[in-house]
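Here's a quick tour of one model, grouped by topic. Have the structure open and follow along.

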Amino acid sequence: MEQQTVKLKWVALASLLNNTGAAFLWPLTTMYLHNYLGQTLTTAGFVMLIMSIAMMMGNYVGGWLFDHWKQYQTAILGVSLSTLAIFLLIFVHGWPWYAVLITINSFGDGINATIVNSYGTLVSDHSSRYVFNYIYMAFNIGVVIGTLLVGVLLPISVVVVFAVATIFYALLMLVVVLTFNVAVDAIKDNSEIQEHYHGSRQLHSRWIILVWLILINYITVHLSYSLWESVMAVHMTNMGIPFYAYSMLWTLNGVLIIIGQPLVNKLSPYVRLSTQIIVGIFIFALSFLLLIFARTLTAFVIDFVILTIGEMTSFAGLPAWIAQLTNVDEAGHYQGLLNIMMSVGRAIGPLYGGFVIEKGSYQFLFISVFCLMTGTLIIICLYLWHLHRVQRRLNLDNDTQNL
């Protein structure tokens, strides 16, 4: 039966369940292909690339279908593909079927990620800033649960890993079927985002340019972030730091976000969203510059705490900022693009990191990504300053016409 409102608790729960299931699979894939199925690291890397491309395609398709087809049916499609692929992996997980099914799962997850954010733009009983902070916290709880469980379950059996992941996807299917069938058109007509858009129609094309600048910066941010998921493990172990200490940094990251994200919500009355995001990304970028001086585990822990502060201050707010700058009828398109840019950055990052280290050094790599992030961030700041000047001039002209 169709409901009248989108409830934040169900959107956040969908994010938690989807990312718990996904967190079983991404860290597992390279090791499973190489150690269990006997494939080369090059083959494993190629499969990871195909998974990233499939997820980007899912992001795009999910956004297009959300805007141009039926929102509820799109949500059902995404979760059905993800769940079916993981269920089949319980019984068929040899080569090359593992690669085929994990790619289908990634495509479904791409749809799911876009749908969660797109439904988030329709939550009407909270500000978009609060909504996406809440969804981001749920996302990280899911990642922590998934990565912890896969470490415990894999020594038992890979079949157990797929079976438990299937349970999380089945629960996601249940949440989507029971709670996502809402009267989307009625919500769009009354949303605060629609009011914001109509209030700034003269500036709409200029806001879209700002959106694209934000998306380009987001590529550089996730290009940099992916270095922690790839070359940083080698860098730290080369310094004599054990691998388990590196893996514990991710647990620390998740715990800090779970604790800190509610505190970030309290900034809403005091700090403009755009300012919070810009400061957060700068802190995130600064953590990479500080890596030049990190030599001990303590230094890496401090640096990762700084990175996490920047992450939770900025990442959760980006979908909300995009929602504020765009028409609600374009929600699927731009929320999908945000996820695509994240995947593009994550796909490029390990390749870029390996190339720069081979031709230069880790220190040069850290300096280069700091420059990429801060350079695009400065362009955003300058363009935002220009937009505010234009808006003030338009308001002044309107006031003059009313006299």
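Val 390 has a relative accessibility of 4%, so it counts as buried, the cut-off being under 20%. Keep in mind that this is a predicted model. Val 390 sits in helix H16, and that helix also turns up in the positive patch described next.

**Around H16**

- Arg 206, Arg 389, Arg 392 and Arg 393 together form a positive surface patch.
- Helix H16, covering residues 362–402, supplies the largest share of that patch, with three residues.
- Arg 393 is one of the patch members, and its place is in helix H16.
- With a relative accessible area of 47%, Arg 393 is partly exposed, whereas Val 390 is buried at 4%.
- An α-helix has 3.6 residues a turn, so residues three or four places apart point the same way.

**The H3–H4 region**

- Helix H3 runs over 71–89 and helix H4 over 97–120, and the loop between them holds Pro 96.
- The peptide bond from Trp 95 to Pro 96 is cis, and its omega is near 5°.
- H3 has 19 residues, which should span 27 Å at 1.5 Å a residue; the end C-alpha atoms are 28 Å apart, so the two values agree.
- Buried residues of H3 include Gln 71, Tyr 72, Gly 78, Val 79, Ile 86 and Leu 89.
- Leu 84, Phe 87, Leu 88, Phe 91, Val 92, Trp 97, Val 100 and Ile 104 make a nonpolar surface patch of about 730 Å².
- H3 and H4 are the elements that give two or more residues to this nonpolar patch.
- Phe 91, also in the patch, belongs to the loop between H3 and H4.
- Phe 91 counts as exposed because its relative accessibility is 56% and the cut-off is over 50%.

**Helix H13**

- H13 takes in residues 297–314, so if you're checking geometry, its 18 residues reach 26 Å from first C-alpha to last, close to the 26 Å expected at 1.5 Å a residue.
- Among the buried residues of H13 are Phe 300, Asp 303, Phe 304, Leu 307 and Thr 308.
- Further along H13, Gly 310, Glu 311, Met 312, Thr 313 and Ser 314 are buried too.

**Pairs worth a look for sequence versus space**

- Met 342 lies in helix H15, residues 331–359, and counts as buried at 16% relative accessibility.
- From Met 342 to His 386 is 44 residues in sequence and 27 Å in space, C-alpha to C-alpha.
- Back to Val 390: this residue and Leu 338 are 52 residues apart in sequence, with 26 Å between their C-alpha atoms.
- Lys 70 is in the loop between helix H2 (41–68) and H3, and is partly exposed with a relative accessible area of 44%.
- Lys 70 and Asn 265 are separated by 195 residues in sequence and by 32 Å in space, C-alpha to C-alpha.
- Ile 259 lies in helix H11, residues 243–265, and is exposed with a relative accessible area of 56%.
- Between Ile 259 and Leu 154 there are 28 Å in space, C-alpha to C-alpha, and the two are 105 residues apart in sequence.

Methods
Residues are numbered from 1 along each chain as its sequence is written. This is a predicted model: local features need pLDDT of at least 70, side-chain atom pairs count only at pLDDT 80 or more; totals for chains, interfaces and linings use all residues. Side-chain values use heavy atoms; hydrogens and water are left out. Patches are made of residues with over 30% relative accessible area and no salt bridge: like charges are joined within 9 Å, nonpolar side chains (Val, Leu, Ile, Met, Phe, Trp, Tyr) within 5 Å. Accessible areas come from the Shrake-Rupley method with a 1.4 Å probe; for residues, only the protein chains shown count as cover. A salt bridge is a side-chain nitrogen of Lys or Arg within 4 Å of a carboxyl oxygen of Asp or Glu. Lys and Arg count as positive and Asp and Glu as negative; His and the chain ends are not counted. The place of a charge is taken as NZ of Lys, CZ of Arg, CG of Asp or CD of Glu. Helices (H or I, at least four residues) and strands (E, at least two) are DSSP runs, numbered from the N terminus. Buried means under 20% relative accessible area, exposed over 50%, partly exposed in between (1.4 Å probe, protein chains only).
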